[in-house]
Amino acid sequence: MIITDTHTHLYSEQFDNDRSLVIEKAINAGVSRFFIPAIDSSYTSAMLQLEKDFPSNVFLMMGLHPTSVKENYKEELNLVKDWLEKRKFFAVGEIGIDLYWDKTRLKEQQDAFKLQIEWAKEKNLPIVIHCRDAFDEIFEVLDDVKDDQLHGIFHCFTGLLEQAHRALSYNMKLGIGGVVTFKNGGIDKFLSEIDLKHIVLETDAPYLSPTPYRGKRNESGYIINILDKLVDIYNLTPERIAEITTQNSKDVFRI
């Protein structure tokens, strides 16, 4: 059984004391593919080192996270562009709009989001979308750029059924993580109405730990708890859930 974590920040400082152990534990649990989203240039060297240490398991993305869209965001975007020209990445991400932490830079976040989508299309790469308190703003951008080239993952989907269907209309998969296990997470109530062919699994480690680890550091190995929740929702075996969601990730990342 091959399980794919399509979104995990294994380079995070929270893993500095036991990173290799955490990754080996996940691999032993059947999680053998880790897709690594970027945040900003301060983490690039750590991402590259992670890939070097686990070349058969780690697949890197490149992009500027919306919460890193600050005064110097144009400089950061230039670095993203340089890296995309320099070597292979498997997606442009995570990119998007986050209005939870800062509502004052919406215009800059929109500009960064659109530009990085353009680069993804030029490279024929998927995008991985970060959306927090910004569904309408995200959809507005996607309406502007929608075409046959647009594809990717709506990371950490936590919206309503109607928003899920709209996300799918842009040729996105839904990234389902720890929230699906939360008592009041909401998405578990309607997820069975979304065909499993549209779903990929993720942890967003070290954030958003699934039940029963909620409030503690998340790990890629905890994706088993997310998979088990989908077993209940879809009434399929763990092996079948893993097979379908891993194939979905292969379709997105083309690997």
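Helices, of at least four residues, and strands, of at least two, are DSSP runs numbered from the N terminus. The model treated in these exercises is predicted.

**Exercise 1. Backbone features in loops**

Task: Determine where Asn 171 is placed, and state what marks its phi angle.

Solution. 
Step 1. Asn 171 is in the loop that runs between helix 6 (161-169) and strand 7 (172-176).
Step 2. Its phi is near 65°, which is a positive value in a residue other than glycine.

Task: Identify the peptide bond that joins Ala 205 to Pro 206 as cis or trans, do likewise for the bond between Thr 211 and Pro 212, and locate Pro 206 and Pro 212.

Solution. 
Step 1. From Ala 205 to Pro 206 the peptide bond is cis, and omega is near 10°.
Step 2. Thr 211 and Pro 212 are joined by a cis peptide bond as well, with omega about 15°.
Step 3. Pro 206 is placed in the loop between strand 8 (199-201) and helix 7 (223-234). Pro 212 is likewise found in the loop between strand 8 and helix 7.

**Exercise 2. Helix 4 and its partners**

Task: Describe how helix 3 (residues 73-86) is set against helix 4.

Solution. 
Step 1. The axes of the two helices come within 11 Å and cross at roughly 10°.
Step 2. Angles under 35 degrees count as roughly parallel, and helix 3 and helix 4 are therefore roughly parallel to each other.
Step 3. On the side of helix 3, the contact is made by Tyr 73, Leu 77, Val 80, Lys 81, Leu 84 and Glu 85. Helix 4 contributes Glu 108, Asp 111, Ala 112, Leu 115, Gln 116, Trp 119, Glu 122 and Lys 123.
Step 4. Sorted by class, this contact of helix 3 with helix 4 has 7 nonpolar, 1 polar and 6 charged residues.

Task: Classify the arrangement of helix 4 (residues 106-123) and helix 5 (residues 135-145) from the crossing of their axes.

Solution. 
Step 1. The axes of helix 4 and helix 5 come within 11 Å, and the crossing angle is roughly 40°.
Step 2. Helix 4 and helix 5 are therefore oblique to each other.
Step 3. The crossing in which helix 4 passes helix 5 is right-handed.
Step 4. Leu 106, Gln 110, Phe 113, Lys 114, Ile 117 and Lys 121 are the residues of helix 4 in this contact. They meet Glu 137, Ile 138, Val 141, Leu 142, Asp 144 and Val 145 of helix 5.
Step 5. The residues of the contact of helix 4 with helix 5 comprise 7 nonpolar, 1 polar and 4 charged.

**Exercise 3. Helix 7 and helix 8**

Solution. 
Step 1. The axes of helix 7 and helix 8 (residues 238-253) come within 9 Å and cross at roughly 105°.
Step 2. Leu 227, Leu 230, Val 231 and Tyr 234 of helix 7 meet Pro 238, Ile 241 and Ala 242 of helix 8.
Step 3. This contact of helix 7 with helix 8 has 7 nonpolar residues, no polar and no charged residues.

**Exercise 4. The largest pocket**

Task: Characterise the largest pocket by its volume and its lining.

Solution. 
Step 1. The volume of the largest pocket is about 620 Å³.
Step 2. Its lining has 20 residues, and Asp 98, Trp 101, His 130, Arg 132 and Asp 204 lie nearest the centre.
Step 3. Strand 4 (92-98) and strand 5 (127-132) are the elements that give two or more residues to this lining. The largest share, 3 residues, comes from strand 5.
Step 4. By class, the lining of the largest pocket holds 9 nonpolar, 6 polar and 5 charged residues.

**Exercise 5. The cavities**

Task: State how many cavities of 30 Å³ or more the structure holds, and which residues line the largest cavity.

Solution. 
Step 1. The structure holds 2 such cavities of 30 Å³ or more.
Step 2. The largest cavity has a volume of about 50 Å³. Asp 40, Ser 41, Thr 44, Met 62, Gly 63, Glu 76, Leu 79, Val 80 and Trp 83 line the largest cavity.
Step 3. Helix 3 provides the largest share of this lining, 4 residues.
Step 4. The lining of the largest cavity has 4 nonpolar, 3 polar and 2 charged residues.

Key
Residues numbered from 1 in each chain as written. Predicted model: local features only at pLDDT ≥ 70, side-chain atom pairs only at ≥ 80, totals over all residues. Heavy atoms only, no water. 1 Å grid on protein atoms, 1.4 Å probe; cavity = no way out; pocket = protein on both sides within 12 Å on 5 of 7 lines; lining within 4 Å. Points joined across faces, edges and corners; volume = space filled by probe spheres on them. Nonpolar A, V, L, I, M, F, W, Y, C, P; charged D, E, K, R; others polar. Axes fitted to C-alpha atoms, helices over the stretch in contact; angles between N-to-C directions. Parallel < 35°, antiparallel > 145°, perpendicular 65-115°, else oblique. Left-handed = near helix turned anticlockwise from the far one by under 90°. Contact = heavy atoms within 4.5 Å.
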